[in-house]
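The points are grouped by topic.

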Amino acid sequence: MVHPGRRYLSALVVVGLLALVPSCSPHRLQAGEARLSVDRGSRAFASEAGHRLQAVHGEQVLHLGARVRLVSGTARVQLADRSSMELRSVTELRLDRRPVLVAGDVLGISGDGPLTLQAGDATAVVGGVGRLTRTLAVSVTSYRGRTELQSAGRALSIKAPRQATVAALGELPGAAQPIAYDDRDGWDRRYLANAIALGRELAAPVQTFTRSLRTGAGTEPGFYVQLLPELARQPSFGSDLLAAAPPTPGETLVGATIALAGRHGSFADRWAGVFAFRSQGAQWGLVAYDQDVTAADGIVTNLISALDRAPVDFVLAAASGPSSSSSAPGPAGEQASAGRPGSTRSPTGGGGSRPGGSTPSTTTTTAPPAAKGPIPPVPSTGTPADPIVEPIVEPLVDTINGLLPPPPPPPPPPEPPEPGD
């Protein structure tokens, strides 16, 4: 038989434990409520409707009509529908039926449904991840999914990775533009880090490739089929698509690589989308992101393989640089630029003309001819083309040097005058 006193004590313990359970779990948000979480080291103030602002540390549940002012640092506001907003320094937010950005920056992340944010006369409906900035104007940046920007009955759908600005009431742009990202911005780095890095990797090969080709190269479909054999399996690839590409072969090569890697829509649609977005000023990393190409390593590998299939003329010109013909005139310099011993074709494809367009003079002179020494080793360019170029260039330079006659010996020093002369 249990003693009555012990039974009473056990009941008190159970009741006490049950009373502790709610305090160990977070408050479940109801409609019209929000949870403010202030990060350590940040200065934030909040108030319920009709009350004065007070400093907030840690977490606090707020209700409709509350205000949040973040002076410095970062904070988050969680809503009942699992959507959330991130705030950073010098930002003020009011919690209405549609949260209102009074000033500053807010990063909206949709939850069970789209997140609608108000900023002056503009409204942003975030279906994914979008950034809303309010200064003298209101701008929206779409990082994930789509964000619809509305003002005065007009609307503009902003697909990631694009942005748009409302300068005044109802003055929406005709189309969204590529994100002008800043790699020092924390939100840009979080959502665009891969695109930023890929853009950097693709820029150097493009410039080197274009600069190093002969004039007129890269105007025929067969040129790109040689570099990217997969293009031969695309029935739509031909002169018509090539005419819609940029005039620079390097840009066309990178765009073709991205279009091949895409999987949405036909190849012709991807080709058009790649170069249309690029023509708006998008960095190559954003172009790949827009085509849902996330395998950055595959893009870079395919591009390097394409450069490896480039003609020898390109390889030698890329290594020696655009000034190689002028710094090494004469047959030896021309052979190095053309890539074959005995060739007199200039790097620009101008027959046997010399740099500057001058014609070799036939007038004899008593001055000794200039000494022609061996071609010096090709210096490293410091670009991603070096691992491709150097194994090809160095054996060719050695071969050319072996075919050249040895330089004439220097003239003997003058004999000293005889004594008494």
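**Lead points**

The loop between H7 and H8 contains glutamine 291. The structure is a predicted model. Its secondary structure consists of twelve helices and 15 strands, and of the 421 residues in the protein, 38% are buried. Among contacts between residues at least 6 apart in sequence, 49% join residues at least 24 apart.

- Leaving out residues up to four places away in sequence, glutamine 291 touches Ile258, Gly262, His264, Arg270, Gly273 and Val274.
- Phi of aspartate 292 is positive, near 60°, in a residue other than glycine.
- Aspartate 292 counts as partly exposed, at 48% relative accessibility.

**Helix H6**

- Helix H6 covers residues 267-279, which makes 13 residues. From its first C-alpha to its last, H6 reaches 18 Å, close to the 18 Å expected at 1.5 Å a residue.
- As background, an α-helix has 3.6 residues a turn, so residues three or four places apart point the same way.
- Glycine 281 follows H6 and has a positive phi, near 105°.

- The 13 residues of H8 should span 18 Å at 1.5 Å a residue, and the end C-alpha atoms of H8 are 18 Å apart, which agrees.
- Ile299, Val300, Leu303, Ala306 and Leu307 are buried in H8. Seen down the axis of H8, its buried residues fall within an arc of 125°, so they line one face of the helix.
- Helix H2 (residues 186-212) packs with helix H8 (residues 296-308) at an angle of about 10°, and their axes are 10 Å apart. Angles under 35 degrees count as roughly parallel, and H2 and H8 are therefore roughly parallel to each other.
- On the H2 side, the contact involves Leu198, Glu201, Leu202, Pro205 and Phe209. On the H8 side, Ala296, Ile299, Val300, Leu303 and Leu307 take part.
- By class, the contact of H2 with H8 has nine nonpolar residues, no polar residues and one charged residue.

**Helix H4**

- Aspartate 240 lies in helix H4. At 72% relative accessibility, aspartate 240 counts as exposed.
- Aspartate 240 and proline 221 are 19 residues apart along the chain, and their C-alpha atoms are separated by 9.5 Å.

- Alanine 137 is located in the loop between strand S11 (122-134) and S12. Its relative accessible area is 23%, and alanine 137 is partly exposed.
- Setting aside neighbours within four places in sequence, alanine 137 is in contact with Thr165, Val166 and Ala167. The C-alpha atoms of alanine 137 and valine 166 are separated by 6.0 Å, with the two residues 29 residues apart along the chain.
- Alanine 152 lies in the loop between strand S12 (138-151) and S13. Although alanine 152 is not a glycine, its phi is positive, about 55°.
- Alanine 152 is exposed, with a relative accessible area of 52%.
- Proline 161 belongs to the loop between strand S13 (154-159) and S14. The peptide bond from alanine 160 to proline 161 is cis, with omega near 0°.

How values were computed: Residues are numbered from 1 along each chain as its sequence is written. This is a predicted model: local features need pLDDT of at least 70, side-chain atom pairs count only at pLDDT 80 or more; totals for chains, interfaces and linings use all residues. Side-chain values use heavy atoms; hydrogens and water are left out. Axes are lines fitted to C-alpha atoms, for helices over the stretch in contact, and angles run from 0 to 180 degrees between N-to-C directions. Helices (H or I, at least four residues) and strands (E, at least two) are DSSP runs, numbered from the N terminus. Angles under 35 degrees count as roughly parallel, over 145 as roughly antiparallel, 65 to 115 as roughly perpendicular and the rest as oblique. Contact means heavy atoms within 4.5 Å. Ala, Val, Leu, Ile, Met, Phe, Trp, Tyr, Cys and Pro count as nonpolar, Asp, Glu, Lys and Arg as charged, and the others, Gly among them, as polar. The expected span of a helix is 1.5 Å times one less than its number of residues. Buried means under 20% relative accessible area, exposed over 50%, partly exposed in between (1.4 Å probe, protein chains only). The arc is that of the directions from the helix axis to the C-beta atoms.
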